[in-house]
Amino acid sequence: MNRGKPDHETSAAAMLEYIVGCKWSIRILTLIRQGVERPGAITRSIDGLTTKVQGDCLNKMVSFGILERIAYAEIPPRVEYKLTHFGQRFVSILDAVSELQHEIDTVKQDHKPVLETNDEQPSSSQKATRTE
């Protein structure tokens with residue numbers, strides 16, 4: 001196992017593509033950042049997430065070095081996932097994408113076209129002149 005170091009065979013772009021392209025990975029990372037670190041709690045927190053798919057996502061993020069898997073020698077066994085230092089840097093990219101989306105949404109709100117309520121065209125005296 002990789003022990004929290006990034007898989008140098010995988011590019012950062014490929015990691016980002018996997019995380020963004022996966023329906024569950026961003027939600028799982030969000031929960032882990034919020035302190036939900038145990039697999040059972042993660043599964044219960046996300047409707048529709050199966051343990052198999054969750055395990056695949058977690059294992060992939062561990063192999064990327066984004067997450068660290070910590071297994072405690074207890075009975076019953078206990079496993080937790082935490083962001084690695086690399087993972088904290090990696091999720092800052094996701095934060096930047098989220099901020100960019102917020103900016104895009106704000107611009108879209110500010111520039112919504114005003115719909116005409118009638119089909120009449122303004123007369124030449126009603127047309128605004130444009131100066132540049």
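**Exercise 1. Determine how H2 and H5 are oriented to each other.**

Step 1. In this predicted model, local features need pLDDT of at least 70, side-chain atom pairs count only at pLDDT 80 or more, and totals for chains, interfaces and linings use all residues. Residues are numbered from 1 along each chain as its sequence is written, and side-chain values use heavy atoms, with hydrogens and water left out.

Step 2. Helices are DSSP runs (H or I, at least four residues), numbered from the N terminus. Helix H2 covers residues 25-33 and helix H5 covers residues 85-110; their axes come within 12 Å and cross at roughly 115°. The axes are lines fitted to C-alpha atoms over the stretch in contact, and angles run from 0 to 180 degrees between N-to-C directions.

Step 3. Angles of 65 to 115 degrees count as roughly perpendicular (under 35 roughly parallel, over 145 roughly antiparallel, the rest oblique). H2 and H5 are therefore roughly perpendicular to each other.

**Exercise 2. List which residues of H2 meet which residues of H5, and classify them.**

Step 1. Contact means heavy atoms within 4.5 Å. From H2, Ile26, Leu29 and Arg33 meet Val91, Leu94 and Asp95 of H5.

Step 2. These residues divide into 4 nonpolar, no polar and 2 charged. Here Ala, Val, Leu, Ile, Met, Phe, Trp, Tyr, Cys and Pro count as nonpolar, Asp, Glu, Lys and Arg as charged, and the others, Gly among them, as polar.

Step 3. Apart from neighbours within four places in sequence, Arg33 is in contact with Leu83, Val91 and Asp95. Arg33 and Leu83 are 50 residues apart in sequence, yet 7.5 Å apart in space, C-alpha to C-alpha. With 45% relative accessibility, Arg33 counts as partly exposed (buried is under 20% relative accessible area, exposed over 50%, partly exposed in between; 1.4 Å probe, protein chains only).

**Exercise 3. Find the aromatic pairs in the whole structure and state their geometry.**

Step 1. Rings of Phe, Tyr and Trp (its six-membered ring) pair if their centres lie within 6.5 Å; planes under 30 degrees apart are stacked, over 60 edge-to-face, the rest tilted. The search finds 2 aromatic pairs.

Step 2. Tyr18 and Phe64 have ring centres 5.7 Å apart and planes at 80°, so this pair is edge-to-face. Tyr18 lies in helix H1 (residues 12-21) and Phe64 in helix H4 (residues 51-64), 46 residues apart. Tyr18 is partly exposed at 26%, whereas Phe64 is buried at 4%.

Step 3. For Phe86 and Phe90 the centres are 6.2 Å apart and the planes at 35°, so the pair is tilted. Both lie in helix H5, 4 residues apart, about one turn of the helix.

Technical notes. Helix = DSSP H or I, 4+ residues; strand = E, 2+ residues; numbered from the N terminus.
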